[in-house]
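Please find below a colleague's note on the structure under review.

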Amino acid sequence: MPVRLELLGPPRILRDGVVLAIARRRPRAVLWRLAAPGGRVARDEVLATFWPDLERPMALQQLRAALHTLRRARGPLIDGDDAALGLSADVAVDWRTLDRLRALRAPDPTALAACLDAVQGELLAGVTLAA
């Protein structure tokens with residue numbers, strides 16, 4: 001069951017074309033950050049971004065809980081080690097597809113048009129962490 005993340009516009013998770021929901025805002029935000037341009041993210045950067053006011057042990061506990069929520073709800077979306085986190089290799093991301101097509105000397109016009117038609121707005125449109 002392939003998973004696709006759409007980040008160009010309001011972000012969505014799709015599995016086999018069906019939109020999947022993650023109820024908790026923080027795990028969703030962690031997923032969006034890991035899927036954003038830049039590749040793998042150092043765990044310390046994730047902690048500083050999402051739990052800047054917590055002591056490291058508590059921040060790590062919150063990160064583990066967020067990753068568990070993502071795994072339980074959607075399967076293995078995230079790959080990581082003690083140093084960094086990133087998306088699993090089999091997760092497709094819309095901006096990456098568009099970026100690959102743009103990099104080709106002669107991209108397939110049909111594939112490029114389909115990719116551009118799917119763009120719904122700016123990267124991570126509407127994403128906030130505010131309560």
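Predicted model: local features only at pLDDT ≥ 70, side-chain atom pairs only at ≥ 80, totals over all residues.

1. Open sheet. Four strands, in the order β3-β2-β1-β7, make up an open sheet with mixed pairing. Because β3 (18–20) and β7 are the edge strands, each with a single partner, one side of each has no neighbour in the sheet. On average, neighbouring strands here are turned by 35 degrees against each other, direction ignored.

2. The β1–β7 pair. These two strands run parallel and are joined by 3 bridges. Within the pairing, R4 is opposite A92 in β7. Helix α4 lies across β1 and β7, at about 65 degrees to β7.

3. Pairings of β6. I78 stands opposite L87 in β6. Strand β4 (residues 41–42) also pairs with β6 in the antiparallel sense, over 2 bridges, and V41 faces L85 there.

4. Nonpolar core. The largest such core contains 32 residues. Those with the most contacts inside it include L5, L31, W51, I78 and L87. At least two core residues come from each of β1 (3–6), α1 (25–35), α2 (43–50), α3 (56–74), β6 (84–87), β7 (91–93) and α4 (94–103). The greatest contribution is that of α1, with 6 residues.

5. Surroundings of W51. Which residues does W51 touch, not counting those up to four places away in sequence? They are R26, V30, V46, A59, Q62, L63 and A66.

Note on methods
Residues numbered from 1 in each chain as written. Heavy atoms only, no water. Core = buried A, V, L, I, M, F, W, Y, C linked by side-chain atoms within 4.5 Å. Buried < 20%, exposed > 50% of the residue type's maximum accessible area, 1.4 Å probe, protein only. Contact = heavy atoms within 4.5 Å. Pairing = 2+ DSSP bridges. Axes fitted to C-alpha atoms, helices over the stretch in contact; angles between N-to-C directions.
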